Amino acid sequence: MKKIIVTGGLGFIGSNLIKLLLSKKYYVINIDKISYSSNFYNVKEFSSSKKYKFIKVDLNNGGKILNIFNRYKPHVVFNLAAETHVDRSITNPKNFIDSNILGVYSILEVFKKYSKKNKKAKLIHISTDEVYGDVIKGRSKENSPYNPSSPYAASKASSDHLVSSYVRTYNINAIITNCSNNYGPR
């Protein structure tokens, strides 16, 4: 059975992803540091599944993250862990630097080591369209220039640039998605 790590899986997007992955018969390891946006209610319906494991850990704890990777040997890592909400980033940008930049740096370092032995492993970094700044007319495109307009957007842009640099410099197998704001269950 293929194993997948989802970081930030107690959030509403991560928990919906986990539900989908479990329905596709994957074994899912949910890594979450448990913060203001974490909610155990989101995983209640599958928390007792034998195909699901929750581990409380901050991405900045690279040693523990590497141990988790080495123990479970994931085929794919979805990185959804992030501080969110523009207003919160204006009030306290340091939390966004710590999570969205340093946390991504930490997971990239772990993934770089891990993927040397597990060459088919893939990292999918979930970002935001906020990195493109205000779009007055039309839509942003993948090749639109980055123009973040808040500490939140700047921290996510920084994490995107880190991921891109690791792909180019270290040849890791990673992609970035820049989705727009999401809504839905949970």
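Strands β5 (residues 122–126) and β6 (residues 174–177) pair in the parallel sense over 4 bridges; two strands count as paired if DSSP finds at least two bridges between them. Helices (H or I, at least four residues) and strands (E, at least two) are DSSP runs, numbered from the N terminus.

Residues are numbered from 1 along each chain as its sequence is written. Because this is a predicted model, local features need pLDDT of at least 70, side-chain atom pairs count only at pLDDT 80 or more, and totals for chains, interfaces and linings use all residues, while side-chain values use heavy atoms, with hydrogens and water left out.

**Around strand β5**
- From β5 the chain crosses through α5 to β6, and this β-α-β crossover is right-handed (with the strands pointing away from the viewer, the path from the first strand over the helix to the second runs clockwise).
- Strand β5 is largely enclosed by the rest of the structure, because 4 of its 5 residues are buried (under 20% relative accessible area, with a 1.4 Å probe and protein chains only).
- β5 also runs parallel to β4, joined by 4 bridges, and Val76 has Lys122 in β5 as its bridge partner.

**Around strand β1**
- In strand β1 (residues 3–7), 4 of the 5 residues are buried, so the rest of the structure largely encloses this strand.
- β1 pairs in the parallel sense with β4 (residues 76–79) over 4 bridges, and Ile5 has Val77 as its bridge partner in β4.
- 5 bridges join β1 to the parallel strand β2 (residues 27–32), where Val6 stands opposite Asn30.
- Together, β1, helix α1 (residues 12–23) and β2 make a right-handed β-α-β unit.

**A closer look at Ser155**
- Ser155 sits in helix α5 (residues 151–170) and is buried, with a relative accessible area of 1%.
- The Ser155 side chain reaches the backbone oxygen of Tyr152 at 2.7 Å.
- Ser155 touches Phe96, Asn100 and Ile101, leaving aside residues up to four places away in sequence (contact means heavy atoms within 4.5 Å).

Key:
Buried means under 20% relative accessible area, exposed over 50%, partly exposed in between (1.4 Å probe, protein chains only). A polar contact is a pair of N or O atoms within 3.5 Å; within protein, one must be able to donate a hydrogen and the other to accept it, and residues adjacent in sequence count only if both atoms are side-chain atoms.
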